[in-house]
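Subject: Structure for you to look at

Hello,

Here is the structure I promised to pass on. Please open it next to this email and follow along.

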Amino acid sequence: MCEKEYQSSSLITGERNILVLSPKDNTATVVGASLKAGDSFRFDGLIVKAMKNIPFGHKVALCNIQAGEYIYKYGEIIGKATETIYPGDHVHTHNVEDVVDELRHQISSPNSRSDKFKE
Amino acid sequence: MIKRNTFWGYERTDGQVGIRNHLLVVSTVHCSAVVAQKIADQAGGVAITHQQGCMQLGEDLEQTKRVLQGVVQNPNCGAVLVVGLGCEQIHAKELAETVKDKPVAYINIHAEGGTPKTIVKGINIAKKMIDTISRQKRIQCSVSKLILAVKCGGSDPTSGLAANPALGVASDLLIGLDGAVVMGTESLYGSEHILAKRAKSPEIAQKILHSFADLERDSLQMGHSFKEANPTPGNKLRGITTMVEKALGAMTKGGTAPISGFLNAGERVTEPGLWIMETRGGDVTGISVQAAGGAQLVVFTTGWGNPVGLPIAPVIKVTGNNSTYKRMLDNLDFDTNDIITREKTVQEVGEELFNKILDIADGELCKAEILGHNEFAIPRIGSAI
């Protein structure tokens with residue numbers, strides 16, 4: 001999560017060419033035209049400059065994310081950074097790993113049929 | 001927007017309501033598939049053919065039986081002609097006997113003396129059935145009679161941003177009117193930590209978690225991780241990075257209701273509410289087993305554009321990707337792009353989609369029906385023998 005808690009009054013905020021789905025998110029999704037390297041957008045009072053070309057549908061970092069920190073979209077954890085990610089970076093398979101096992105193990109042992117489910 | 005709570009359907013004697021009134025010509029086994037297809041083509045029925053029905057063991061055989069029984073008991077089916085070979089594991093007579101409330105018959109290729117004789121006899125039976133069911137009129141029915149299958153395939157990030165959330169609104173509207181929604185597991189790997197918490201009971205939560213753990217175990221037994229196949233290359237190309245991201249985008253299509261139960265592939269939905277069904281495999285097996293569970297229609301969201309349909313139920317195609325919508329207009333029924341451009345809210349588009357669903361239920365044809373997309377497949381468990 002970004003240190004700053006962004007305010008959002010609806011599901012979708014942000015400028016027209018990026019969508020931020022939750023105030024918890026540290027990534028935005030590029031919509032409309034793709035972002036070109038050097039393109040900047042304003043988000044919650046900050047100027048974020050795209051460091052690379054980022055295609056339609058792909059994610060752009062909104063703040064610094066250290067290696068090992070979680071990536072958030074939809075207000076939920078979707079992955080973990082494998083290297084330091086800077087604002088305006090393309091966030092995708094080259095710098096993010098999946099966290100499916102970690103999330104599953106938080107609530108249940110998949111090898112056990114015993115009742116380990118907890119709310 | 002006026003929210004409808006009725007549609008025009010075909011009432012069955014067991015209380016179910018169909019939105020189509022098909023004569024199904026069903027092959028019990030791969031060996032009778034061509035004969036079943038030719039009868040259906042000649043007599044105005046729809047063929048249900050597949051590659052299973054023999055040389056199957058245990059749960060795998062039970063699953064094939066369950067799916068075929070589910071299909072012939074689906075309320076969109078007005079009459080059934082079962083076509084067997086005669087020596088297979090799935091008996092035509094037994095399958096026909098599971099149909100209680102509508103015209104039904106069976107024939108076997110061995111008993112009739114070969115392909116031409118079976119086809120001729122089948123056509124003669126089928127044309128009488130078609131004549132009978134064509135006289136049935138639609139009546140006004142409560143939407144509580146609807147079981148909606150929700151599915152996503154060929155996903156891109158617009159699926160999670162627009163198409164699935166809009167479908168989620170429609171799912172919630174239907175469940176709010178005492179209808180049912182069934183969502184398959186195949187797109188949900190990676191969201192089980194959230195789904196399990198939404199289960200109505202700890203037992204249902206355990207079933208959800210075990211389903212995903214079993215998938216992991218089975219793929220490891222094959223020497224692979226299922227993460228190798230998911231997200232797909234197409235998902236990644238369009239910007240979906242992880243399985244968790246894909247699943248979070250996919251799970252919204254079922255709406256926000258608590259999860260009423262977990263079903264094996266093709267098991268019947270028995271109550272209103274949101275159900276999860278095990279749907280391993282590709283898109284066609286997924287929608288086939290959901291229809292076997294009693295769903296009268298499917299809403300299928302797709303970012304890339306997917307053409308598949310079912311012989312027994314409309315498959316309504318919804319996208320959030322406007323360029324896909326324009327490029328594949330022949331296949332796609334509904335565009336949710338107004339959510340992404342922020343011209344409309346998710347709620348507004350979801351309500352429009354709900355009305356589109358009821359229009360299709362009333363008899364309006366979806367694109368997959370118009371184009372004759374009638375894919376159908378039964379999944380396997382374990383290896384072939």
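Predicted model: local features only at pLDDT ≥ 70, side-chain atom pairs only at ≥ 80, totals over all residues.

**Where the chains meet**

Chain A puts 43 residues in contact with 40 residues of chain B. About 3,300 Å² is buried between the two chains. Carbon and sulfur atoms give 61% of that area.

Two salt bridges are counted between chain A and chain B. One pairs A:Lys73 with B:Glu245, with the closest N and O atoms 2.9 Å apart.

Which elements of chain A each supply at least two residues to the side that touches chain B? They are β1 (18–19), β7 (76–81), β9 (96–97) and α1 (100–107). The largest share comes from α1(A), with five residues. By type, the side of chain A that touches chain B has 18 nonpolar, 12 polar and 13 charged residues.

**A hairpin in chain A**

Strand β6 of chain A covers residues 70–73. Four bridges join β6(A) to β7(A), and the two strands run antiparallel. A:Ile71 has A:Gly79 in β7(A) as its bridge partner. The hairpin has two residues between the strands. A:Tyr74 takes a positive phi there, near 60°.

β7(A) is among the elements that supply residues to the side touching chain B. A:Lys73, in the salt bridge with B:Glu245, falls within the residue range of β6(A).

**The seven-stranded sheet of chain B**

Chain B has an open sheet of seven strands with parallel pairing. The order is β10-β11-β9-β8-β12-β13-β14. β10 (259–263) and β14 (334–335) of chain B have a single partner strand each, so one side of each is left without a neighbour in the sheet.

Inside that order, β9 (residues 180–184) and β11 (residues 273–277) of chain B run parallel and are joined by five bridges. B:Val181 stands opposite B:Leu274 in β11(B).

Which strands does helix α6 of chain B touch? Helix α6(B), residues 157–176, packs on the sheet and touches β8 (147–152), β9, β11, β12 (297–301) and β13 (315–319) of chain B. Its direction makes about 165° with that of β8(B). Helix α11 of chain B, residues 283–292, also packs on the sheet. Its strand contacts are β8, β9, β11, β12 and β13 of chain B. The direction of α11(B) makes about 170° with that of β8(B).

**Two helices packed together**

α11(B) also packs with α2(B). The angle is about 60°, and the axes are 7 Å apart. From α2(B) come B:Val67, B:Gly70 and B:Val71. They meet B:Val289, B:Ala291 and B:Ala292 in α11(B). The contact divides into five nonpolar residues, one polar and no charged.

**The three-stranded sheet of chain B**

Chain B also has an open sheet of three strands, with antiparallel pairing. The order is β2-β1-β7. The edge strands are β2 and β7 of chain B, and each pairs on one side only.

Four bridges join β1(B), residues 6–11, to β7(B), residues 139–142. B:Phe7 stands opposite B:Cys141, and B:Gly9 has B:Ile139 as its bridge partner.

Two bridges join β1(B) to β2(B), residues 17–18. Here B:Glu11 stands opposite B:Val17.

**Salt bridges**

How many salt bridges does the structure hold over all chains? The total is 20. One of them joins the side chains of B:Arg380 and B:Asp60, at 2.8 Å from N to O. B:Arg380 lies in the segment after α15 (367–370) of chain B, and B:Asp60 lies in helix α2 (residues 58–73) of chain B, so the pair ties together parts that are 320 residues apart in sequence.

Best wishes

Note on methods: Residues numbered from 1 in each chain as written. Chains lettered and ligands numbered in written order. Heavy atoms only, no water. Contact = heavy atoms within 4.5 Å. Buried area = accessible area lost by both parts, 1.4 Å probe. Salt bridge = Lys/Arg side-chain N within 4 Å of Asp/Glu carboxyl O. Nonpolar A, V, L, I, M, F, W, Y, C, P; charged D, E, K, R; others polar. Pairing = 2+ DSSP bridges. Axes fitted to C-alpha atoms, helices over the stretch in contact; angles between N-to-C directions.
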